[in-house]
Amino acid sequence: MLEIKNLHCKLEEEDKAILKGVDLTIEAGKVHAIMGPNGSGKSTLSYVLSGRDGYVVTDGSATLEGENILDMDPEERAAAGVFLAFQYPVEIPGVGNMTFMRTAVNAQRKARGQEEMSSAEFLKVIRAKAKEMQIDADMLKRPVNVGFSGGEKKRNEILQMAMLEPRLCIMDETDSGLDVDAMKLVADGVNALRAPDRAFLVITHYQRLLDHIAPDFVHIMADGRIVKTGGPELALEVEKNGYADILAETA
Amino acid sequence: MMALPKVKHDATEARLEGLFLPEGVGWTAAARQDALARLRAQGVPHRRDEYWRFTDPARLTAAAPRPAAPMDLSDEAVLHDEIDRLKIVFRDGVFDAGASDDLAVEGCEIVRLAEAQKTDLHWARDIYGALEAQGQTPVDRPLAALNTAFAQDGVLIRVTGRVPRPVEIVYRHEDDTSDPILHHVVRIEPGAELTLLETGTAGARFNTALEVDIADDGRFHHLRDQGRNHLRQAATHSFARLGARSVFKSFTLTLNGALTRNENVIAFTGNDAQAHVAGAAIGDGREDPFHHDDTVFITHDAVNCESRQVFKKVLKNGAVGVFQGKILVKKGAQKTDGYQISQSLLLDDDSQFLAKPELEIYADDVACSHGSTTGAIDEEALFYLRSRGVPEPRAQDLLVLAFLAEALLEIEDDTIAEGLRQRIEDWLDRRAG
Ligand SMILES: Nc1ncnc2c1ncn2[C@@H]1O[C@H](COP(=O)(O)OP(=O)(O)O)[C@@H](O)[C@H]1O
Ligand SMILES: [Mg+2]
């Protein structure tokens, strides 16, 4: 589904390389986790895949179902099925959550040549999904993420993911700052979305999320590269020994 | 009085050419003569005047307006149509009886200036030109004096109870060179309440004045949509005098307009009163110029009054926004609460926002604050929206609406607010094509 080859990027503003040759292939239906020390480039990878300004790809490629996504606008990538659950969801005063979600859902449908969802149908669907994420009607009415607690913001990300039904779900530290109950909720939301035609790229620091979302593969990222790939046991190893051993052995 | 500099004198006489104090104006005659004398003493404004530093008044003082083609408005719904209201229609400044409702509504008395000046109308005589004259210090407002002197018509409303439905003054613009001068007077008697709507473009060029005298415990709501004509030139003035515990709330929406100067002059004369003025404006200078000026002067001369100014402007393609807002707190006006915010959202580097916020305070127990900001679209928010599949232009529109929404929050009535918000959305949608 997603094929990243030798991906290099640098900052637009300064001559600083961040990604230094990332290779990663994710098949449909699989869950891949990426772990790694702070500053290793995990968020940058998620931004480059979703099309945020500020990064220049200097080498390599990234394709989704064979299509080059790196030349697309963020909205085109979204319509193609890329979704990023932000590490820090953005607060947008003045834009209602509902308006935002309806606009997004219908824009994606339009881009894919599908019929727009009626207001009534949209309401029915979002209410049902919000309930699963324990997001109450009042939160839906409020401006996007404004006044939401850290946990509410993360749950709102998963709600958006559920509404948009992307093919590739990238989650950037969705678990950080969540208490055990909230993490369970988020994990349940993710597990409910697991499907043969959908893949996940889960960036996390902690093994505990991976207890709930069993990954098929775990990758370790360091200094802009994936330095080690293994199964779920790799996450346990990190949990126990930290990154030092792995980094020493791959250096 | 100092003689006018020659250029001002000449410019004033040039403006007055072809204007004559109307005949048969009964009780307004004296007020009109006084106003003309004020105008002659002040002279028409010039861009070297401090008060016109950011807005060149040349188009407003020229002998004739620059032609402005009317807009085809068939693509938009009638504003406020879902509200039961009394409509008074002026077509290029001329009263249109056929399109207007009977000027009869419970709780108030409505007459037209052109009719009423022939009869005696004590209550209006005390206000017509009087609030305008008071508003001439400490700053000259010659275009308002011009209005009082030469107003061809207008609406005089005396409110004695709670008026069950809003009164709407509807302006229609059909003539390329129309140049109406209209003067409205509202008197809110003690405890009475009125909502006044003003909708549309009054002419190719227009000069309107509104004098509002609110007695103790009266309430006045004013909601104005200045239409979306591109080349029109406008000078408007609102003068309000607030009695004890009274409330004055005014909101103006401006979409397009080559030149707009909206002046609000508010004086607190009774204690514990409240005045809120707000405005939202969007201008795109791509095809036609856009210059919008909000000038506000609030005088606190009573105890424990609250004033609030919230002005927002979205500017694009060389559009210019101006805000001049002053809060004057006189000696003894203790417990004054004065708030003022003016903000612009610049959608490109060509546009500009010029702001001059001022506080002048002679009382010691007051809470006054003002702020003015100029900003661009929040790139983080834009990316967030786009990453969810919202196309960039639509994402930008959502952020524009969000920015203006704060000014719309000043509107008390939800139905009216929604109607005006929809106007903004329609404007954005038309541009999206
Ligand atoms: N926009 C940016 N401006 C400056 N430095 C950046 C920017 N984005 C990333 N970096 C730098 O790139 C490196 C990788 O950052 P990041 O991708 O956030 O790492 P991680 O998510 O793995 O903690 C860090 O050194 C960080 O400071
Ligand atoms: Mg990160």
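## Charges over rings

A charge sits over a ring if NZ of Lys or CZ of Arg is within 6 Å of the ring centre and within 35 degrees of the ring normal. In this predicted model, R261(B) lies over the face of Y51(B), at 5.1 Å from the ring centre. In chain A, R52(A) is placed over the face of Y47(A), 4.2 Å from the centre of that ring.

## A stacked pair in chain A

Over all chains, a search of the whole structure finds nine aromatic pairs. One of them joins Y47(A) and Y55(A): the pair is stacked, with 6.3 Å centre to centre and 20° between the planes.

Y47(A), the ring under R52(A), is buried, at a relative accessible area of 12%. Y55(A) has 21% relative accessibility and counts as partly exposed.

## An edge-to-face pair in chain B

W27(B) and Y128(B) have ring centres 6.2 Å apart and planes at 85°, so this pair is edge-to-face. The two residues are 101 residues apart, and their pair links distant parts of the chain. W27(B) is in the loop between α1 (6–16) and α2 (29–42) of chain B, while Y128(B) is in the loop between α5 (122–125) and α6 (130–134) of chain B.

W27(B) counts as buried, with 9% relative accessibility. Y128(B) is buried as well, its relative accessible area being 3%.

## An aromatic cluster

Y47(A) and Y55(A) also belong to one aromatic cluster, together with F86(A), F100(A), F383(B) and Y384(B). The cluster therefore has members from chain A and from chain B.

Conventions: Residues are numbered from 1 along each chain as its sequence is written. Chains are lettered from A and ligands numbered from 1 in the order in which they are written. This is a predicted model: local features need pLDDT of at least 70, side-chain atom pairs count only at pLDDT 80 or more; totals for chains, interfaces and linings use all residues. Side-chain values use heavy atoms; hydrogens and water are left out. Rings of Phe, Tyr and Trp (its six-membered ring) pair if their centres lie within 6.5 Å; planes under 30 degrees apart count as stacked, over 60 as edge-to-face and the rest as tilted. Buried means under 20% relative accessible area, exposed over 50%, partly exposed in between (1.4 Å probe, protein chains only). Helices (H or I, at least four residues) and strands (E, at least two) are DSSP runs, numbered from the N terminus.
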